[in-house]
Amino acid sequence: MKKLAIMGAMVEEIEPLLEYFENVKLTEYANNKYYEVNYKGLDIVIAYSKIGKVFASLTASTMIEKFGCDTLLFSGVAGAINPKLKIGDMIVADKLCQHDLDITAFGHPPGYVPEGSVYVESSKELREVAKAVAKEMGIEVIEGTIATGDQFVHSSEKKDFIEKTFKADALEMEGASVAVVCNALNVPFFILRAISDSADMDAGFDFDEFLKSSAKTSADYLIKIVDKLN
């Protein structure tokens with residue numbers, strides 16, 4: 001690995017990570033900000049994409065093509081579909097799909113486009129490192145299927161459809177697009193999500209506060225993964 005990319009979707013998801021570093025170089029490009037750091041001899045580029053598949057694709061492509069990153073880690077939050085997942089649980093994607101990609105009118109399955117595939121698998125090697133680090137830290141991280149789409153899904157009917165159609169465990173708005181970019185450009189990638197909402201969530205749940213705490217937990221976890229990769 002020559003240069004590592006670390007992405008989030010929102011600024012809150014990368015702020016705790018940036019606190020680990022000094023001498024951060026800021027580059028503004030394509031209406032976004034990219035933070036370049038050196039950590040124990042490893043060059044790292046950190047960025048948040050903004051929400052949605054298009055922004056995530058643009059940012060991932062930029063990190064790979066302009067900045068020369070050859071491995072990508074993504075961290076953020078997701079909603080649970082699998083009823084076993086609770087708020088605060090962490091899930092690593094073994095594969096990802098686009099639940100809102102639909103040309104079924106032409107006889108194709110949901111999530112599929114010609115010359116593509118319904119699912120994109122993440123790097124098994126990176127997942128193994130992540131599981132080893134989780135074990136060392138005494139935290140539980142599960143592997144599962146993550147579904148991505150350009151809408152915040154809040155209806156139980158839609159969630160049921162995605163669970164049945166894609167056998168998905170969690171929902172978010174960027175991961176599969178990052179997966180498609182990385183897969184096309186032969187860049188190993190890893191998608192980590194903390195569960196921010198679930199079927200039995202407390203009505204008094206404070207998302208903003210959770211976002212801060214989960215971002216800090218994820219940052220600590222990612223740094224230990226980077227230590228293993230370096």
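Predicted model: local features only at pLDDT ≥ 70, side-chain atom pairs only at ≥ 80, totals over all residues.
**Salt bridges**

A search of the whole structure finds 12 salt bridges. Three of them are set out below.

| Pair | N to O distance | Location |
|---|---|---|
| Glu128 and Lys131 | 3.1 Å | both in helix H3 |
| Glu143 and Lys131 | 3.1 Å | strand E8 and helix H3 |
| Lys216 and Asp220 | 3.0 Å | both in helix H6 |

Within helix H3, Glu128 and Lys131 are 3 residues apart, about one turn of the helix. Lys131 also forms a salt bridge with Glu143. Glu143 belongs to strand E8 (residues 141–148) whereas Lys131 belongs to H3, so this pair ties together parts that are 12 residues apart in sequence. Glu128 and Lys131 are part of a network of salt bridges that also links Lys124, Arg127 and Glu143.

The relative accessible area is 36% for Glu128, 32% for Lys131 and 32% for Glu143. Buried means under 20% and exposed over 50%, so values in between count as partly exposed. Glu128 is therefore partly exposed, as is Lys131, and Glu143 is likewise partly exposed.

In helix H6, Lys216 and Asp220 are 4 residues apart, again about one turn of the helix. Lys216 is partly exposed at 40% relative accessible area, and Asp220 is partly exposed at 22%.

**Helix H6 and its buried residues**

Helix H6 has 23 residues. From first C-alpha to last, H6 reaches 32 Å, close to the 33 Å expected at 1.5 Å a residue. The buried residues of H6 include Phe210, Leu211, Tyr221, Leu222, Ile223, Ile225 and Val226. Ser214, Ala215, Ser218 and Ala219 are also among the buried residues of this helix.

Leu222 and Val133 are 89 residues apart in sequence, yet their C-alpha atoms are 9.2 Å apart in space. Val133 is found in helix H3 (residues 124–137). Its relative accessibility is 1%, so Val133 counts as buried.

**Negative patch**

Helix H1 (11–18) and helix H6 (207–229) each supply at least two residues of the patch. Glu19 lies in the loop between H1 and strand E2 (25–29). With a relative accessible area of 64%, Glu19 is exposed.

Note on methods
Residues numbered from 1 in each chain as written. Heavy atoms only, no water. Buried < 20%, exposed > 50% of the residue type's maximum accessible area, 1.4 Å probe, protein only. Expected span 1.5 Å × (residues − 1). Salt bridge = Lys/Arg side-chain N within 4 Å of Asp/Glu carboxyl O.
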